[in-house]
Amino acid sequence: MDGRVLVFIPAYNCEAQISRVLRQLETDEVRAVIDGVLCVDNRSTDGTRDAAKAGLNQLDYAETALLHNDDNYGLGGSHKVAIDFARDNGYDYLVVLHGDDQGSITDLVPHLREGRHKTLDFLMGARFMSGSRLEGYSLLRTAANHVFNLIFSAISGQRLHDLGSGLNLFRTAAFEDGFHLKYADDLTFNYYLILGIVRKRFRLDFFPLTWREDDQVSNAKLGRMGFQLLRIIGFRLFLPGQFFAADHRRTPRQSYPSTRIA
Ligand SMILES: Nc1nc2c(ncn2[C@@H]2O[C@H](COP(=O)(O)OP(=O)(O)O)[C@@H](O)[C@H]2O)c(=O)[nH]1
Ligand SMILES: [Mg+2]
């Protein structure tokens, strides 16, 4: 197939949900637009690895892989592992689908079928645009997200409908110069990424998705994330040159080694 697509599933302590996420990939509809599946276990302390292995075994794809990070690299660090894997294994696009089953790949499938990604560098899922649906989100959380989206949009001069959902598509070649490598390795990685995408004038668009919160534990606590967002906004606004040159990681690393266990 022209333009090979890899689904990357970041997973950390989502034993209860990872099998459901992998089952999403079993249908013919999904298999028609996806070429390979990669699960990156970020040193889970529960049964995530075994559940992922069993779920991957049920899938019928040309390639499935399970990587175990050599250290806990966070969600951002796991993205860096997956981007390396996609590049090294000849995938042109990387779909990120969070391992805790809050989103559905079926929201992206029609866009892949239409080939919309081929005219873009980044096609990002959005929880806060016309057509999106939120299940189990508090009013406060939704309102806070809208406010931050508006601030980031004003800074960017471009409408941004989400700063970091758990279902996104990246063109692998966009990362060739390593612009993402110094972005934070934790849950804030996406905030840096979206600012980097705008700055580098990549072709970016959004699609609406349904996002649920039922049996998942949300680690992106509103207060802490709000504080981190304000820091990023201040830094980006007042010291833009330094912002894009700085290393935003708590633990700077030369590389992000992982071990293939399946
Ligand atoms: N919290 C957390 N999630 C990680 C980590 N590494 C990978 N993940 C995965 O990243 C995704 C998003 O994390 P989550 O805690 O659910 O954040 P939230 O949904 O934004 O509240 C989930 O699929 C996790 O399994 C990590 O070090 N910490
Ligand atoms: Mg989550």
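1. Let's start with Arg201, which counts as exposed because there are 9 C-beta neighbours inside 10 Å. For the cut-offs, a residue is buried if 20 or more other C-beta atoms lie within 10 Å of its own, exposed if 12 or fewer, and partly exposed in between, with C-beta atoms placed from the backbone. You'll find Arg201 in the loop between α7 and β8 (204–208). Its phi is near 55°, a positive value in a residue other than glycine.

2. A quick word on the source: this is a predicted model, where local features need pLDDT of at least 70, side-chain atom pairs count only at pLDDT 80 or more, and totals for chains, interfaces and linings use all residues. Residues are numbered from 1 along each chain as its sequence is written, while chains are lettered from A and ligands numbered from 1 in the order in which they are written.

3. Now look at Asp101, in the loop between β4 (93–97) and α5 (109–114). Helices (H or I, at least four residues) and strands (E, at least two) are DSSP runs, numbered from the N terminus. Is Asp101 buried or exposed? Asp101 counts as buried, because 23 C-beta neighbours sit inside 10 Å. Phi of Asp101 is positive too, near 60°. Most residues other than glycine have a negative phi.

4. On to helix α6, residues 139–156, with 18 residues. From first C-alpha to last it reaches 26 Å, close to the 26 Å expected at 1.5 Å a residue (1.5 Å times one less than the number of residues). Buried in α6 are Asn145, Phe148, Asn149 and Phe152. They cover an arc of only 110° around the axis, so they are on the same side of α6; the arc is that of the directions from the helix axis to the C-beta atoms. The face turned away from that buried side carries the exposed residues Leu139, Leu140, Ala143, His146 and Val147.

5. The axes of α6 and α8 come within 11 Å and cross at roughly 10°. These axes are lines fitted to C-alpha atoms, for helices over the stretch in contact, and angles run from 0 to 180 degrees between N-to-C directions.

6. Finally, Ala51 is in helix α3 (residues 48–57) and counts as buried, because it has 24 C-beta neighbours inside 10 Å. Beyond its neighbours within four places in sequence, Ala51 is in contact with Glu15, Ile18 and Ser19 (contact: C-beta atoms, placed from the backbone, lie within 7 Å).

Key
Two residues are in contact if their C-beta atoms, placed from the backbone, lie within 7 Å.
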